[in-house]
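Hello,

Here is the structure I promised to pass on. Please open it alongside this message, and then read on for what turned up in it.

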Amino acid sequence: MTAGGFSVFGPKYLNEVAPLEISGPIGTITQISVTLGILFPCLIGTLFPDLQDLEKDKVLINIVFSIPIGFAVLQILLMVTIFKYDTPHALKEKGDFKNLSLFMKKLYKPAEVQKRIDLISVEEKRKDTLRSHHMMMAEDSSKEQKMTYGRVCCSLEYRKATFVGCTLSMFQQLTGINFIMLYSNLLFKDMGLSPQYITGLGGTVNFLTCFGGLILLTKFGRRSIMVTTNYGIALVLILSGFFSIQKLNSLSIATTMIFIALFEFGPGPILVIYCSEILTDIGMSLALVMNWTVNLAISLITPSLINAIGTDNIGYIFIVMGCLTFLGATFMVKFMKETKGKSKAEIAQLFSDVPK
């Protein structure tokens, strides 16, 4: 529940707090934090030999599992001291203008505070107008509907965004990123490199290349980055599979690291940013359920699949993932809308099927 909660609330909180002009780069903080969390145990693993005797290595295991307790305590302290306010949009909706003003003064210069508060008010009016139009046309009701899973999935106002967000979440996992990160030891065990080295290398590349994604988001739109990097990932995965089948081990490892880099330039950080921009809270939860479900399925299927086809044929899995990623990139060309620099009301109109 904690991991799922952070997956939903973290990106949404950053999206609602960050100024519109830098919401993209700020959104990459989520992915940087995730990859740092992955890197940490990877590096710890390189310092120790394989754990064989659980009783002998019990102290080490206890230390490793106790470290997250420290981070949890730190998070609690930060949430009750520094991050103690709700988002500006939530405060505005609740009419809590006192805390809204205090929070905005922490984010902006005094001369900017009132302008930013007025901007939130303008966006709320636009959203109210869109909702009212939909209700009059579709349901002839003067009361705003309660947000439900059914409404998010089926209503003219939200269904397209939900479809796009959930499908993008599925295709992100079908690139095979967690197939590689979780089973890199198994994938490359016949290449003469220690499991700890391969895991540490993958984790390091995964973390460092996140900063490349941050730079790209300051210069290009979400859609253009996603389309370009996914087509690149598809090509690299197919090449990596070919090199693996031909036993060109160095090239196979190199292309795999390029794949990880391209993932962190595009679908890694941008998925959560994009979904937090186009989806409601309920829609965001559905997209992340889709993401974690596909991740779980891949995690469960991979060991049996490799045992069935043999390590000599792992390259074919890379080729299949490359083809699936190509399909995903083509889906993005057709269905993704550019959201960079757009307000929430403008983004809602991009994905609304409500007659104008």
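Let me begin with a pair of helices. On the H8 side, Thr162, Gly165, Cys166, Ser169, Met170, Gln172, Gln173 and Leu174 meet Leu286, Ala287, Met290, Asn291, Val294, Asn295 and Ile298 in H15, where contact means heavy atoms within 4.5 Å. Sorted by class, this contact of H8 with H15 has eight nonpolar, seven polar and no charged residues. Here Ala, Val, Leu, Ile, Met, Phe, Trp, Tyr, Cys and Pro count as nonpolar, Asp, Glu, Lys and Arg as charged, and the others, Gly among them, as polar.

Before going further, a word on the model: it is predicted, local features need pLDDT of at least 70, side-chain atom pairs count only at pLDDT 80 or more, and totals for chains, interfaces and linings use all residues. Residues are numbered from 1 along each chain as its sequence is written, and side-chain values use heavy atoms, with hydrogens and water left out.

Back to the pair: H8 (residues 159-174) and H15 (residues 281-309) pack at an angle of about 25°, with their axes 8 Å apart. H8 is therefore roughly parallel to H15 (angles under 35 degrees count as roughly parallel, over 145 as roughly antiparallel, 65 to 115 as roughly perpendicular and the rest as oblique).

H15 also has contacts with H14 (residues 267-278); their axes come within 9 Å and cross at roughly 150°. That makes H14 roughly antiparallel to H15. In this contact, Leu271, Val272, Cys275 and Ser276 of H14 meet Met284, Ala287 and Asn291 of H15. By class there are five nonpolar, two polar and no charged residues.

For the chain as a whole, the secondary structure comes to 17 helices and zero strands; helices (H or I, at least four residues) and strands (E, at least two) are DSSP runs, numbered from the N terminus. Of its 356 residues, 45% count as buried, meaning under 20% relative accessible area, with exposed being over 50% and partly exposed in between (1.4 Å probe, protein chains only).

Phe263 counts as buried because its relative accessibility is 4%. Its contacts, leaving aside residues up to four places away in sequence, are Gln31, Gln172, Thr175, Ile177, Ile233, Gly268 and Pro269. Phe263 and Thr229 are 34 residues apart in sequence, yet 7.1 Å apart in space, C-alpha to C-alpha.

How values were computed: Axes fitted to C-alpha atoms, helices over the stretch in contact; angles between N-to-C directions.
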